[in-house]
Every structure is written in structure tokens, then in C-alpha cells.
Amino acid sequence: MAKRLSNKSFMRDLALMIDILEEISLLSDALQGRCVNVLRAEQLIKTTIKAFEFLKENSGTYEKIINETISSKEFQRIDFVEDNRYVSLPRQELLNAVISNMRLRLMDCDGISNNIQDKNHKIHELVRIVNPDSWNVEEAKDAEEKLPEFCKVFRHEISVNDFRDYVEN
């Protein structure tokens, strides 16, 4: 364990992971807020993606701390090493993978107008199809017809049979 903690690459990787997890924790806390709706959640995810893109180009908070710590006078007694047996994480690829996975959480709004009011209205209309309080028999059938668009925008597959079961229960 001491060898691992005295390895510069390991310490830098650990700091990077803490920076990444801190951003994800901030997003998680924000998404759990009482007044978060689908559009606000989308905005929060986009903000987190921007933070990760910034992290690709710059050192994170904990990365800066560990770099300063390694080079500080207080820690000069510790023999920090560059151990070739421990391969450092591929920083750029890791951050690219995190960003790619975060983008998969965004809605697919390609077919929806860029006008924010039109987008809000369309998303509200799509969300109504899973709200049983807004249905009568004809609206349930209309909702079923809009189901493929709902699945595309929200990137979540729901079979017609599952949707019918949901409507009936």
C-alpha cells in the first residue's frame, strides 16, 4: 500500500477520479431537488458535460492539490516515484468516455424546434402521454401513437404492450 501511495501516477489518477466523482455528485444532488423538471435536468447534465470538457483541458481541483503536494517542501521526505509497473489512466480517453456517456443521458431533440417555447411545449406534450390523469379513452390511443416519438426523445424504449399494460393499470 505504501508503494502505491508513493507512486506519482497513482496519486494523480486518484485525484482525477475524485474530481470526476465530485462533478457527478454535484449533478446527483442537483437532480434530486424538488423543483427539477425534465428540461432543468437536461440543463444540469449539459452544465456537467461542460465541466468535464473543461477538465479535459485543465487540471481539476484535486489534481492541482496533489501536484502541489508532491512538489511541496513538507513532502520532500517522501520518495515519490514514477513506477513503470503501474500504468497511469489514459486521462483524455477516460474523460471522453465520461462525456460520451453523459451525452447519452440527454434527450434527442433533433426533430424539435430550437425555439425554447416550442421545445418546452413539445416536451410537455410528450410527457403527458405517461400521465394517466390526463387520459380518456381517445387520448390513451393518441398517446400510444406518440409513443415512438416519446421513446426517441427520451432515449427509453417502451413496447406498445407494456404501455397498454401501464394504461390499463
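Reader: Why is R155 called partly exposed?

Author: The relative accessibility of R155 is 43%. Buried means under 20% relative accessible area and exposed means over 50%, with partly exposed in between (1.4 Å probe, protein chains only), so 43% makes R155 partly exposed. The model is a predicted one, in which local features need pLDDT of at least 70 and side-chain atom pairs count only at pLDDT 80 or more, while totals for chains, interfaces and linings use all residues. Residues are numbered from 1 along each chain as its sequence is written, and side-chain values use heavy atoms, with hydrogens and water left out.

Reader: Where does R155 lie, and what is its phi?

Author: R155 sits in the loop between α7 and α8 (160-168). Its phi is positive, about 50°, although R155 is not a glycine.

Reader: How many helices and strands does the protein have?

Author: There are eight helices and zero strands. Of the 169 residues, 28% count as buried.

Reader: What makes L14, I18, Y62 and I65 a nonpolar patch?

Author: A patch takes residues with over 30% relative accessible area and no salt bridge; nonpolar side chains (Val, Leu, Ile, Met, Phe, Trp, Tyr) are joined within 5 Å, and like charges within 9 Å. I18, in helix α2, has 34% relative accessibility, so I18 passes the cut-off of over 30%. At 34%, I18 also counts as partly exposed. Together the four residues have about 310 Å² of accessible area, by the Shrake-Rupley method with a 1.4 Å probe, where for residues only the protein chains shown count as cover. Helices α2 and α4 (61-71) each supply at least two residues of the patch.

Reader: Which residues have the most contacts inside the largest nonpolar core?

Author: They are I20, I45, I49, F52, L55, L95 and M102, in a core of 13 residues. Helices α2, α3 (38-57) and α5 (91-103) each supply at least two residues of this core, and the largest share, five residues, comes from α3. Such a core is a set of buried Ala, Val, Leu, Ile, Met, Phe, Trp, Tyr and Cys residues joined through side-chain atoms within 4.5 Å.

Reader: How many aromatic pairs are there, and why is the pair of F150 and F154 called tilted?

Author: The structure holds one aromatic pair. The ring centres of F150 and F154 are 4.7 Å apart and their planes stand at 40°. Rings of Phe, Tyr and Trp (its six-membered ring) pair if their centres lie within 6.5 Å; planes under 30 degrees apart count as stacked, over 60 as edge-to-face and the rest as tilted. The distance therefore qualifies, and the angle makes the pair tilted. Both residues lie in helix α7 (residues 137-154), four residues apart, about one turn of the helix. F150 has a relative accessible area of 9%, so F150 is buried.

Reader: What makes the contact of K46 with E42 a salt bridge?

Author: The closest N and O atoms of K46 and E42 are 3.9 Å apart. A salt bridge needs a side-chain nitrogen of Lys or Arg within 4 Å of a carboxyl oxygen of Asp or Glu, so 3.9 Å qualifies. Both residues lie in helix α3, four residues apart, about one turn of the helix. K46 is partly exposed at 37%, whereas E42 is buried at 8%.

Reader: How many salt bridges are there, and which residue does R91 meet in one?

Author: The structure holds four salt bridges. R91 meets E63 at 2.7 Å, N to O. R91 lies in helix α5 and E63 in helix α4, so the pair ties together parts that are 28 residues apart in sequence. R91 is partly exposed at 21%, and E63 is buried at 8%.
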